[in-house]
Amino acid sequence: MSLLAVEGLTKHFTARGGVVRAVDGLDFTVRAGQTLGLVGESGCGKTTTGRMLVRLLEPTGGRIVFEDRDITHLGRRAMRPLRQDLQIIFQDPYATLNPRHTVGRIVAMPLTVNGTRPPGGVKKRVQELLELVGLNPEHYNRYPHEFSGGQRQRVGIARALALRPKLIVADEPVSALDVSIQAQVINLLRQLQRDLGLAFVFIAHDLAVVRHFCQRVAVMYLGRIVEIGERDEIYERPRHPYTRALLSAIPDVAKLGQSEGRIRLTGDVPTPMNPPSGCRFRTRCWKAQDICATEEPPLTAGVACHFPEPEGAP
Amino acid sequence: MSLSPEVLEPVPVADAAPAPKGVVGRSPGQLAWMRLRRDRTAMISGCTLLFLMLVALAAPLIEVLYGVGPHDEFKHLLTRRGSIPLGYAGGVSADHWFGIEPGTGRDIFIRMVYGLRTSIFIALASAIVTAGLGVTAGILAGYLGGWVDTVISWITDFALALPFLIFALAVMRPVELRFYGPREEVPTWFRVAVLIAIFAAFGWTSTARLVRGQVISLREREFIEAARASGAGLGHILFRQLLPNLWAPILVSFSLAVPAYVTGEAALSFLGIGIVDPTPDFGAMIFRSIAYLQTDPAYVFFPGITIFALVLAFNLFGDALRDALDPKSSR
């Protein structure tokens, strides 16, 4: 049974001059305790998807099913018990904490707004959480400006954990941090995931981070999933041309100076206001044929391409 | 920005340095207070304000100690013919520190003490009502957006386009006539209430604009989204998350609004539509003193200097407050 199932999830924004199809029909599932990585270039709809999963944005279409309950259009009151199971970690450690609240108050906020009274009191629970994320519980009364970026991100993680969620949407949780701090935060998330049995939807553009953290990976392009599968499948045997291009762009010290094997995509990402007909990737794809312009390839066997690499090929 | 798995392997260590027990952080408010304490202008103007406010509050006590009331008349100290105070500088003496009023023979010092009371009360009350209305309207317009924002912004623009003085002149008398007959005495409290209402009706718009802009920039911040994702209601987001971040601009606009209302009230009273004689008031006093400008120049001097000091102190304090709350702002 899947913890979270998404079917045909769509989000269109009306903007000046037309409709932006930020997310255009996503299907995926996340099992309890599993980590799904959502990767893609900027503007491909990753963040919008994450925001919809925790219902910060109202989906235009499709369904979000959480523990066999359709939560797509639940009101705030009906959503409340589910909020405890679904939390989010944000990207910017400087905007994620209210500068006028103490760290203790920030971490206690989810408990306060839901009227939760943990055994032993709110303060004790908050200090436990701070300890859990590797912060000094004595820093309870400190303000965010006294912390470094990595420490702030830990506070944000503690806040997300306060209600003991089952699934956490992590929206690029480490991309604003220094590389050395990234490793610490990723390791912390991984440890929490193992210890608490959390499921993650991990949004990132850094393929190396995703490879390290996620069991399954979904690659997005222009509001759609082009390839989804087990981590090793995706990284070792990518089948969609876009995935191959993305993976070939990961710098590899061993092959420094060599340009062979690197796939260079030409052109820019088309605007989501007016996506190409048929396959959205066809304008930059070296394999594109006539059928790609007329027929949109369905996501079958984990890949949405008319001419995928054969399964099992390196 | 990319990581190889090897780098990631070590088990996480706390990146928080061990801190002494019971450590308490300094809030942004405390930091601002420390900066304010170090600012000499702020301290001098703040003390001046504190002193003037204490004088205004303690007016009845001062009256007892001073031994003269605001309505006591000392006609025997005036010249018979021109009703000009005897002695130097408008009759300054040990009994009448700032002299006495020409014409009526009332003591200027005690009238100023009471006038200070009227001025500061009206200005503070107007500023508080203004801030309350403005913050509520601004925070709602900024956070809710949509048609609420459109309506509130439209009203704001409309109110900003109305000329204040002409509106006040046109409204004051009809409002009085609506409640009191043409020959009836209009009680002072009613005039004060109408003044505050007029100030509030015009003043809230600028605060509302300021707050709206701030809220719009804060609305999309992730800590607001975090609160929403935790199931926080509108009240929690507006008053627990947003409002603490708005205190700085609210305080600054409040402290700059008060002196504007002091002068505004004095101006209306000077024009005869605010507080009128015999109620002690700076505007009314300066209005009376104009007639004696040549014969008794000391009369205009004392209330003029005091209102100048009051307004200057408020403005300097407001500026210092802004610098203290926002140290990054360029001067």
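Modeller: What follows goes from numbering to a sheet and then to helices.

Modeller: Residues are numbered from 1 along each chain as its sequence is written, and chains are lettered from A and ligands numbered from 1 in the order in which they are written. This is a predicted model, in which local features need pLDDT of at least 70 and side-chain atom pairs count only at pLDDT 80 or more, while totals for chains, interfaces and linings use all residues.

Colleague: In what order do the four strands of the open sheet in chain A lie?

Modeller: Strands of a sheet pair through backbone hydrogen bonds, either parallel or antiparallel. Helices (H or I, at least four residues) and strands (E, at least two) are DSSP runs, numbered from the N terminus. Two strands pair if DSSP finds at least two bridges between them. Here the order is β2-β1-β4-β5 (chain A), with antiparallel pairing. Because β2 (18-31) and β5 (69-70) of chain A stand at the edges with a single partner strand each, one side of each has no neighbour in the sheet.

Colleague: How many bridges join β1(A) and β2(A)?

Modeller: Strand β1 (residues 2-15) of chain A pairs with β2(A) over 11 bridges, and one position to look at is His12(A), whose bridge partner in β2(A) is Arg21(A). The two strands form a hairpin with two residues between them, and Gly17(A) in the turn has a positive phi of about 90°. β1(A) also pairs with β4(A), over five bridges; Thr10(A) is opposite Gly61(A) there. Strand β4 (residues 61-66) of chain A is joined to β5(A) by two bridges, with Val65(A) opposite Asp70(A).

Colleague: How many helices does chain B have?

Modeller: Chain B has 13 helices and zero strands.

Colleague: At what angle do α5(B) and α6(B) cross?

Modeller: Two packed helices are described by the angle between their axes and the distance between the axes. Axes are lines fitted to C-alpha atoms, for helices over the stretch in contact, and angles run from 0 to 180 degrees between N-to-C directions. Helix α5 (residues 108-144) and helix α6 (residues 146-161) of chain B have axes that come within 7 Å and cross at roughly 140°.

Colleague: Which residues of α5(B) meet α6(B)?

Modeller: Ala137(B), Leu140(B), Ala141(B) and Leu144(B) do, and among their partners in α6(B) are Val148(B) and Ile152(B).

Methods: Two residues are in contact if their C-beta atoms, placed from the backbone, lie within 7 Å.
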